[in-house]
Amino acid sequence: MIDWQKVKKILIVRLRSIGDTVLTTPSLIALREYLPEAQIDVVLEDWVAPVLDGFEEVSNVWTVLKDSKTRLRLARKIRKEGYDVAFNLHGGTTATFLVRASGARHRVGYSNYSYSFLYNHRLSSASDFWQKEKTHSAEQQLALLGFVGIPVEHLPKTRLSVTKAALDSLAKKISAAEHKHSDFSFNEKPTVLQTYALLHPVAAFDTKQWATENFARVTEFLSKNGVQTVAVATQNEREVLEDLKMLANVSILTLDNLNLPEISALASNARIFVGNDSGIAHIAAAVQCPSVVIFGSSNRDHWRPWTDAPNEIVFENFACQPCAGYVCKEFGKPKCILTVKTGSVFDAIGRILGIPE
């Protein structure tokens with residue numbers, strides 16, 4: 001096993017998406033609690049790395065680009081650091097390459113990883129570690145730490161930092177948007193609407209995206225109960241925001257120009273988050289925003305919010321759930337998400353906000 005008293009430098013490799021990165025924070029928190037003086041570095045994909053801006057549990061963030069030349073340069077830099085322990089919380093080929101390239105004496109991963117022979121600490125499964133069949137993504141990552149002696153039984157929850165820079169830049173963008181939405185009311189602090197919900201009406205796949213018309217009804221329900229709506233998406237998803245405004249009978253502030261730290265800042269001040277299962281939902285949970293997350297094809301046990309903040313998930317049960325989600329092979333159209341009732345979402349919002357029935 002690992003003699004943690006001699007460990008000075010640790011590398012964590014966790015590639016892929018926003019949600020994957022946010023759900024790594026419990027492992028980073030557990031490491032920092034156990035090794036307060038250690039250098040704890042993490043490797044993330046470049047586009048998602050800003051989500052950890054201001055996250056003090058991490059010493060350094062390495063970023064990975066897609067082209068092989070930059071990956072080789074990164075591998076050489078990592079090698080020079082002289083890591084004692086390297087964890088692969090991802091499992092992919094690139095992550096395995098970086099862990100091996102680190103030269104760390106102790107390399108930790110799952111036994112079902114590709115090229116698992118490159119690891120000298122291999123855990124059979126998270127289910128074996130936790131002694132239960134179903135495990136959350138955060139638990140799967142924590143299990144690798146617990147397997148080699150890091151205390152994880154207290155199950156830290158996700159956490160993100162909100163930086164002053166993000167609050168300041170968000171303030172400027174909201175101020176600019178305010179001029180286009182004169183019927184929206186703001187507090188003296190431009191980063192905080194008087195009472196608002198954060199809405200995220202988009203998702204990676206159709207099997208995860210609730211109908212825009214349904215989100216329009218949600219904005220009306222919120223407005224009826226004194227809560228304004230701010231909806232966010234990327235510029236490539238702007239059409240969904242435009243449709244939302246057209247379909248809703250209340251005013252909505254839409255923003256398609258926020259970066260990830262600004263979304264964290266916006267969520268941290270929201271009264272509630274309502275949206276599809278997505279990385280933005282995990283950001284909201286990690287800044288303690290109460291949330292209602294609508295699920296379709298996704299594995300709810302694996303991807304539900306990992307937070308102490310009030311939260312509910314809304315879904316309809318189908319025997320084919322969960323699935324990969326790229327297309328609906330069972331019905332042609334994704335009934336799992338299309339049949340989620342607005343009333344069910346209203347009820348969940350009402351419970352979170354304490355709205356009388």
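Predicted model: local features only at pLDDT ≥ 70, side-chain atom pairs only at ≥ 80, totals over all residues.

**Entry 1: the overall picture.** I looked up the secondary structure and got 14 helices and 12 strands. The C-alpha trace spans about 60 × 45 × 40 Å along the principal axes of the protein. For 357 residues, a compact globule would have a radius of gyration near 21 Å, and the protein comes out at 21 Å, so the two agree. Buried residues make up 55% of the 357. I also checked contacts with a sequence separation of 6 or more: 61% of them are between residues 24 or more positions apart.

**Entry 2: surface and charge.** The protein exposes about 16300 Å², and carbon and sulfur atoms supply 48% of that. I then looked at the charges, 40 positive and 38 negative, and their mean positions sit 7 Å apart.

**Entry 3: aromatic rings.** How many aromatic pairs does a search of the whole structure find? I got 8. One of them is Y110 with Y113, an edge-to-face pair at 5.8 Å centre to centre, with 75° between the planes. Ring pairs also bring in Y119, giving a cluster of Y110, Y113 and Y119.

**Entry 4: helix α2.** Why do I call α2 largely enclosed by the rest of the structure? Because 8 of its 10 residues (the helix runs over 25-34) are buried. I wrote them down: T25, P26, S27, L28, I29, A30, L31 and R32. The partners they pack against are β1 (9-13), α1 (18-22), β2 (39-45) and α6 (137-147).

**Entry 5: helix α4.** This helix covers residues 93-101, and I find A95, T96, L98, V99 and A101 buried in it. Their cover includes strands β1, β2, β3 (60-64), β4 (85-88) and β5 (106-110), plus helix α3 (68-81). Just after α4, I noticed that G103 takes a positive phi of about 75°.

**Entry 6: V42.** I picked this residue out of strand β2. Its relative accessibility is 1%, so V42 counts as buried. Setting aside neighbours within four places in sequence, I list I12, L52, V58, N60, V61 and W62 as the contacts of V42. I also checked the C-alpha separation between V42 and F87, which are 45 residues apart along the chain, and got 9.4 Å.

**Entry 7: H302.** Is H302 buried or exposed? With a relative accessible area of 14%, H302 is buried. I find H302 in helix α12 (residues 300-303). Again leaving out neighbours within four places in sequence, H302 is in contact with T135, H136, S137 and Q140.

Note on methods:
Residues numbered from 1 in each chain as written. Heavy atoms only, no water. Buried < 20%, exposed > 50% of the residue type's maximum accessible area, 1.4 Å probe, protein only. Helix = DSSP H or I, 4+ residues; strand = E, 2+ residues; numbered from the N terminus. Contact = heavy atoms within 4.5 Å. Rg over C-alpha atoms; globule rule 2.2 N^0.38 Å. Areas by Shrake-Rupley, 256 points an atom, 1.4 Å probe, with all protein chains shown as cover. Lys, Arg positive; Asp, Glu negative; His and termini not counted. Charge placed at Lys NZ, Arg CZ, Asp CG, Glu CD. Phe/Tyr/Trp six-rings, centres within 6.5 Å; stacked < 30°, edge-to-face > 60°.
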